[in-house]
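Here are a few quick notes to read alongside the model. Have a look at it first, then go through the points.

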Amino acid sequence: MRITQTLVRSGQAVAVAALPLALTAGMPGVAAAAATGINVTTSGGTVQVTTSACVTRSNGSMGNASLLSSGQANFAQGRQVTLSGTSASQSAAWSSVTSGTYTVIVVCADGSTAGTQSVTVSPVSSPTISATATATASPSRGVMGGMGSTSQDYGTVTYAAGGVLVAAGVGATVWVLRRRSRPNRL
């Protein structure tokens, strides 16, 4: 009984530890799993691959990387880029990649495959500007704020009349309160 509980608990711990990796594996813009020997990331329409598996140089190159779309089956059919970097880390990038699912393959200069990884590129939304759009003039005095969405500038007479009404309201309130404080006399 004790051994079974220990195995169940350890299995749950492994499942919980693997959950974040499983959730982020298919997310665009998140680094793909490095278990294949390559690390693939996307940002907008750019796909980048990094590896440290290609350590030998041949004819000045560490190797090549190829970006294959869904209809392509082998390395030669994809968009090929030469790896750049040092013996510690090599990288390649593709720009202007349209949305879709791609396969990235890295082949080192010695002919060995560093890894293969699938990646999804999300569509990039860009703002569009109409050909008939026209510029509008901005207000010369800034935004005219006010109470209750007013946008009219009132003159001195309006402010004076408002002040008289406020003073009359305050005077009436004082008069009523003073009358209430007197005892009722019949």
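This is a predicted model: local features need pLDDT of at least 70, side-chain atom pairs count only at pLDDT 80 or more; totals for chains, interfaces and linings use all residues.

Is cysteine 108 buried or exposed?

1. Cysteine 108 counts as buried, because its relative accessibility is 6% (buried is under 20% relative accessible area, exposed over 50%, partly exposed in between, with a 1.4 Å probe and protein chains only). Residues are numbered from 1 along each chain as its sequence is written, and side-chain values use heavy atoms, leaving out hydrogens and water.

2. The structure has one disulfide (a pair of cysteine sulfur atoms within 2.5 Å). Cysteine 54 is joined to cysteine 108, S to S 2.0 Å. This pair ties together distant parts of the chain, 54 residues apart: cysteine 54 sits in the loop between β2 and β3, cysteine 108 in strand β7 (residues 100-108). Strands (E, at least two residues) and helices (H or I, at least four) are DSSP runs, numbered from the N terminus. The link is left-handed, with -75 degrees about the S-S bond. Cysteine 54 is buried too, at 1% relative accessibility.

3. Serine 61 lies in the loop between β2 (46-51) and β3 (63-68). Serine 61 is buried, at 15% relative accessibility. Leaving aside residues up to four places away in sequence, serine 61 touches Thr56, Thr82 and Ala109 (contact means heavy atoms within 4.5 Å).

4. Over to helix α2 (residues 156-181), where valine 174 is found. Valine 174 is partly exposed, at 44% relative accessibility.
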